[in-house]
Amino acid sequence: MGVEAGAQTARSRALAVLRVRSRALAVALLPAAAAVVLLVGGSTGRVTGRPWEIARWIVTVLAVLVLLAAVGIALVVARARPAMSPTVPISEESAPDLYRMVRDLADRLDVPAPSAIALTPDCDSWLEDRTHRAHGRFSSGGGHEPQSADGRRGSPPGGRPVPVLTNRARRAFAAPVLVIGSPFLWWMRVGELRAVLAPVVAGTGPSAHPDIAAARRFVRGLDAAVAVASAPGRGPLSRTVLAGVGWVTRLLLRGCRDHAAEMERGVAAAAAERAQAVDYGVRIVAQEQVGLAYAGWDRLLTRVALPAWRMGRWPSRLDVGVVAALTELSRRDRLAEGFTSRLGERPACDLLEEPGTVDEAASLLAARLFHGGPAEAGPDWAPVDWQDYPDEVVDRKWRTDAARLHRVLDTLGVRHPADPALPEADGPTLARVMDHLSTARSAAPAPDPDPRAALAAHRTDVYGEMGIAESDDPDLAVGNERSAALAAGLTAELAREEASAPAAPRPAGGAEQQGPDHALWDDRMLPLFPLQPPRTGRELLADHVTAMVCCSAMDTAGAAPGLDWLDGPSLLVAGERATDLGPRVLTLIETGDPTPLRDWLRHLGVRPEKPVRLV
């Protein structure tokens, strides 16, 4: 599909969407037109008689009611705030080279330049219309009206002067905001970013067409009105009225949904075809980097950032971490060989005046979107640098998990190993954990209280305090009776800690110029994109036992916490990463066999009978 064919398809589908709007208006005006005919006929004496008199009153009342309902629905559609993606706005003063590159790209494509630029903490790029009056500005990217090359207001970014417009006209003609994935800026080179953005920027051409812009505004308004009608917390009267509004807007959405989808496909096809003439060869290589960046970003979030977020810390240089993670991937994976040779070229983040500040803002927004963290740093939500990550996150995480493990053991009534030769035998030791999990394999009955009875009492108390029903999770059966009991206790303990955690404070004021524009989107549904489902009992138990082993290795054998860019927290023994611990821990918790883990500990000189330091 060529440029003209795609544009023609988009325009025809936009007209089909607008015809849905016209038909809805015609239906709303039809009773009024009938009432006018009857009233005029009565006043001229052509329509007389009692039946016609009754019909005039009925149709007139019906017309008034329909008009009032139509006006009400139109007001809801017009005033409802369309959904807007959470982003970090980038002003032109903070990234003049980036704005210059985008404008040059728009000139080559012969399309209007985007009105502003913003960053999203994700591996994607798109155009977003922010001209709705509820957004506060005709473009909210950098918070400034586009300037010409000589600094004059009222000119588009390309520098071509236009007449001074009213606010309403500016909203009608303002180009959309260009949203760029922040990992692209740090991993891609300038030429690669330019090639990737070419099809996106080319989409501003169709966006300027009046019919396409009007159709998009109509669909966004209907979508926002449906959200308003579905919002909870309304009174009985409001719920009844909004139920009718929701029914009408959903009916209109169904009528124009297929046309709107075909319109967007036509716009995308026209933009992609127009961008073929710009950096075509580079775009093939750049698309490979898009997939690689997405893989590294996902790995960094789930393996590295998520453990820190759970500890109340947020890495302040996530985008820098993407480069480190992908560089490590290139070193390990032969399929990624050669990608690091690009690093000698100019990175796209050099187009920013203060890349560190932007990276920090994007990192904080990522923590909010993917984990639901607070909007601002605080005592319980502090940033952490990568060089401090092992000590402030890894070490603290392991010792916190080990402390929770021993608290659950205390609740289950598990005794400490009784050895008179060890004056500190009552302390938190790895031997206590291993003996408890491996006792179930012994032929002799264990002297400890029945773990299932203790677990039942513990879970009843915990779930009763939380005010929720007890859950029967089949994943809690992790191999043997004692492992299952310990896994269930850890699950209940974590649930109680999460239930008692204070809610994240909502922002008190507007967003900063360089900070996330959270004032323009609803943060009550955070996290918007949770990274992982809740961990199963097996995973929780394996994590906590591994943490206890690492604490014992650090305190008795000189091991150290470390950071692996692809796998997250790791144990360093003599400067080397220990990669063979996981299977031995799983053998212990699933089969109750401690022999592989004991051999591993003996080889490293770890003393499981010595108490460890906990948080």
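**Start at L318**

Select L318. Skip its neighbours within four places in sequence, and L318 is in contact with W297, L300, L301, A305, W309, D359, S363, A366 and W386. Contact means heavy atoms within 4.5 Å.

Before moving on, some ground rules. This is a predicted model, in which local features need pLDDT of at least 70 and side-chain atom pairs count only at pLDDT 80 or more, while totals for chains, interfaces and linings use all residues. Residues are numbered from 1 along each chain as its sequence is written, and side-chain values use heavy atoms, with hydrogens and water left out.

Buried means under 20% relative accessible area, exposed over 50%, and partly exposed in between (1.4 Å probe, protein chains only). In soluble globular proteins, nonpolar side chains tend to be buried together.

**The whole chain**

Zoom out. How many helices and strands are there in the protein chain? There are 19 helices and nine strands. Helices (H or I, at least four residues) and strands (E, at least two) are DSSP runs, numbered from the N terminus. Buried residues make up 45% of the 615 residues. Among contacts between residues at least 6 apart in sequence, 79% join residues at least 24 apart.

**Helix α13 against α16**

Select residues 389–411, helix α13, and residues 481–500, helix α16. They pack at an angle of about 115°, with their axes 9 Å apart. Axes are lines fitted to C-alpha atoms, for helices over the stretch in contact, and angles run from 0 to 180 degrees between N-to-C directions. So α13 and α16 are roughly perpendicular to each other. Angles under 35 degrees count as roughly parallel, over 145 as roughly antiparallel, 65 to 115 as roughly perpendicular and the rest as oblique.

The crossing of α13 past α16 is right-handed. A crossing is left-handed if the near helix is turned anticlockwise from the far one by less than a right angle, and right-handed if clockwise.

Show side chains. From α13, R404, L405, R407, V408 and L409 meet L486, G489, L490, E493, L494 and E497 of α16. By class, the residues of this contact are six nonpolar, one polar and four charged. Ala, Val, Leu, Ile, Met, Phe, Trp, Tyr, Cys and Pro count as nonpolar, Asp, Glu, Lys and Arg as charged, and the others, Gly among them, as polar.

**Helix α13 against α14**

L405, H406, L409 and D410 in α13 meet R432, V433 and H436 in α14. The contact has three nonpolar, two polar and two charged residues.

**Helix α16 against α17**

S483, L486, A487, L490, T491 and L494 of α16 make the contact with G537, L540, L541 and H544 of α17. Its residues divide into six nonpolar, four polar and no charged.

**Single residues**

Stay on α17 and pick D555, which lies in this helix. D555 is partly exposed, with a relative accessible area of 33%. Not counting residues up to four places away in sequence, D555 touches R399, V612 and R613.

Next, L528, in the loop between α16 and α17 (537–557). Is L528 buried or partly exposed? L528 is partly exposed, at 31% relative accessible area. L528 and L369 are 159 residues apart in sequence, yet 5.3 Å apart in space, C-alpha to C-alpha.

Finish at R56, in helix α2 (residues 50–79). R56 is buried, with a relative accessible area of 10%. Beyond its neighbours within four places in sequence, R56 is in contact with L38, L39, G42 and V47.
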